[in-house]
Amino acid sequence: MKRALLSAISAGMVLAASAFTIGGDNGVAFHGSVQADALFPQEDEAIGTGTYDHDILFNTYADLNMISKYVDAGVRFEFMKWPLPGYEPDFAGWGIPHIYAKGRYKGFELTVGDFYEQFGSGFILRTYQERSLGIDNSIRGGRLNYTPVTGVRLTALGGVQRTYWDWKKSSQVYGGNAEFVLQDLFGGLRKRNVSWTFGASYVLKHEDDESVMVPGHNWRLNLPKSVNAYDLRSEFQKNGFSVMGEFAWKGQDPSFDNNYTYGNGTAVMLSGSYSRSGLSALVQAKRSENMSFRSQRSMSGMSAFLNNMPVFSYLHTYALAALYPYATQAAPGEWAFQGQFAYNFKRKTPFGGKYGTKIKLNLSYIAGLSDNAGNFGEMGSDGPSPRFFDMGKSYYHDFNIQVDKKWSRSVSQIFMYMNQMYDKLLEGHPDEGKVRSNIFVVDTKWRIDHRFTLRNELQYLHTRDDQRDWLYGLVELSIAPYLMVSVSDMWNCGDTGTHYYNFGITGNYKSNRLLLSYGRTRAGFNCSGGVCRYVPATRGFQISYNYTF
């Protein structure tokens with residue numbers, strides 16, 4: 001296995017080394033990347049790692065792309081025969097899952113092969129790759145983009161969706177999208193400093209029938225072979241003000257997610273923002289109901305999703321603030337509200353001080369559609385029908401304030417306070433109740449000189465629920481431009497007394513980045529954009545290598 005890992009990395013480095021350009025600016029250019037992440041796991045009974053069947057677990061990717069004036073092409077090789085912990089067993093495999101060719105001429109652009117696409121906010125279509133979550137739901141088929149005039153872009157596509165190492169021919173996806181940039185079509189809007197866009201989308205999923213029986217009855221569900229979905233959206237901007245609205249509708253789509261019920265799906269979102277020098281504000285609200293949309297109705301993994309509902313909770317980067325991350329509830333649905341505000345106090349003012357002060361405030365609140373929202377209804381029924389403005393139990397709230405203060409030319413600090421409520425129902429544990437916590441963070445950066453920077457974090461989470469209190473400390477030394485060394489520990493001081501320590505060193509040279517680390521990782525959820533994957537506890541030596549060209 002060690003030879004396999006070294007061979008995969010070496011192959012990628014040889015591929016990367018082949019980068020070159022032919023014919024100058026109007027010729028052919030090649031670019032790509034290599035990524036290899038490996039874990040040498042060790043069993044640790046104290047944190048509950050379990051046992052391992054292999055000495056090395058790793059994910060490896062190597063991309064090569066060609067770009068020219070009229071034709072682009074690309075290919076990606078993946079080797080995940082023994083994937084990192086937390087990925088589904090079906091994720092294991094190796095081969096070339098992504099290959100495409102793209103041609104452009106005048107206003108036309110045709111893609112054949114594997115591609116990613118998103119219509120609007122992704123309510124009815126978003127295919128993408130997120131390697132940290134093991135998501136790659138690309139479409140294999142064809143896509144045509146056409147720009148008849150400046151300000152109008154039309155898209156038509158069709159194909160089958162990737163599901164791990166398979167492309168199910170029993171399910172096909174078709175779609176169309178139109179985007180209109182009105183200030184390009186009507187010059188008077190641009191003269192008035194107005195930007196106004198309008199979009200409309202359509203997606204059709206066709207899936208072969210299958211035998212799904214109702215438990216306790218000799219009944220077979222009559223499943224729709226075709227599911228239609230529509231999306232309308234518009235965004236208006238003038239000076240520093242912006243308002244955006246979007247509405248989506250999905251037809252009857254009984255699936256694994258909604259207990260095979262036959263209700264329609266809807267989503268509506270309204271967002272407003274304002275910004276000027278030193279001030280910014282964002283307020284948005286979203287209601288979604290039964291908007292889980294899969295290319296395969298009985299598939300339980302994350303890669304079978306055709307869409308993605310955007311998350312309305314703040315994306316925290318501090319370890320304890322991200323300990324209980326929120327995952328969007330596409331089924332049965334949710335009401336979600338968020339407000340973000342930021343203000344810069346100018347230098348040499350009472351609050352700004354000598355170097356200025358920045359304050360950020362974020363508020364998030366998310367609830368179910370009704371108190372009975374977790375009950376999808378009897379299989380084969382229409383499912384629940386909550387009234388539009390009804391709101392049920394709270395799933396999540398987050399209030400946090402962050403102060404960014406520079407004390408001198410070399411020393412700056414970030415202070416953050418956060419009040420959070422997280423319902424364990426989101427993890428499928430309704431009996432464990434809610435976790436209410438208060439979190440405090442102090443992040444200090446000291447630039448010693450032009451090469452050396454020392455940064456440290458001190459975090460404290462206080463709660464009487466779940467595993468109770470946590471402490472986190474980090475010390476990080478950066479030696480520009482090549483090296484960074486860090487040591488951290490996350491300590492469950494309120495319950496188990498377990499330490500999750502980590503030692504790491506990162507090196508950068510030109511386009512190469514190498515990370516070496518050793519330590520423990522707590523079991524929990526890794527999230528990105530409201531999509532979460534459960535990652536089991538691990539301990540061991542990790543290697544991560546990246547190269548881009």
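## Terms and model

Two strands pair if DSSP finds at least two bridges between them. Strands are DSSP runs of E with at least two residues, numbered from the N terminus. This is a predicted model, in which local features need pLDDT of at least 70 and side-chain atom pairs count only at pLDDT 80 or more, while totals for chains, interfaces and linings use all residues. Residues are numbered from 1 along each chain as its sequence is written, and side-chain values use heavy atoms, leaving out hydrogens and water.

## Strand β3 and its partners

Strand β3 covers residues 57-67. On one pairing, β3 meets strand β2 (residues 28-41) in the antiparallel sense over 11 bridges, with Phe-30 opposite Met-66 of β3. β3 also pairs with strand β4 (residues 71-80), again antiparallel, over 8 bridges. Here Ala-62 has Phe-77 of β4 as its bridge partner. A hairpin is formed by β3 and β4, with 3 residues between them.

## Val-203

Val-203 lies in strand β13 (residues 194-207). Its relative accessible area is 1%, so Val-203 counts as buried. Leaving aside residues up to four places away in sequence, Val-203 is in contact (heavy atoms within 4.5 Å) with residues including Phe-119, Ile-124, Leu-125, Val-173, Tyr-174 and Phe-293. Val-227, Asn-228 and Ala-229 are also among them.

Thr-506 is 303 residues from Val-203 along the chain, and the C-alpha atoms of the two are separated by 44 Å.

Notes. Buried means under 20% relative accessible area, exposed over 50%, partly exposed in between (1.4 Å probe, protein chains only). Helices (H or I, at least four residues) and strands (E, at least two) are DSSP runs, numbered from the N terminus.
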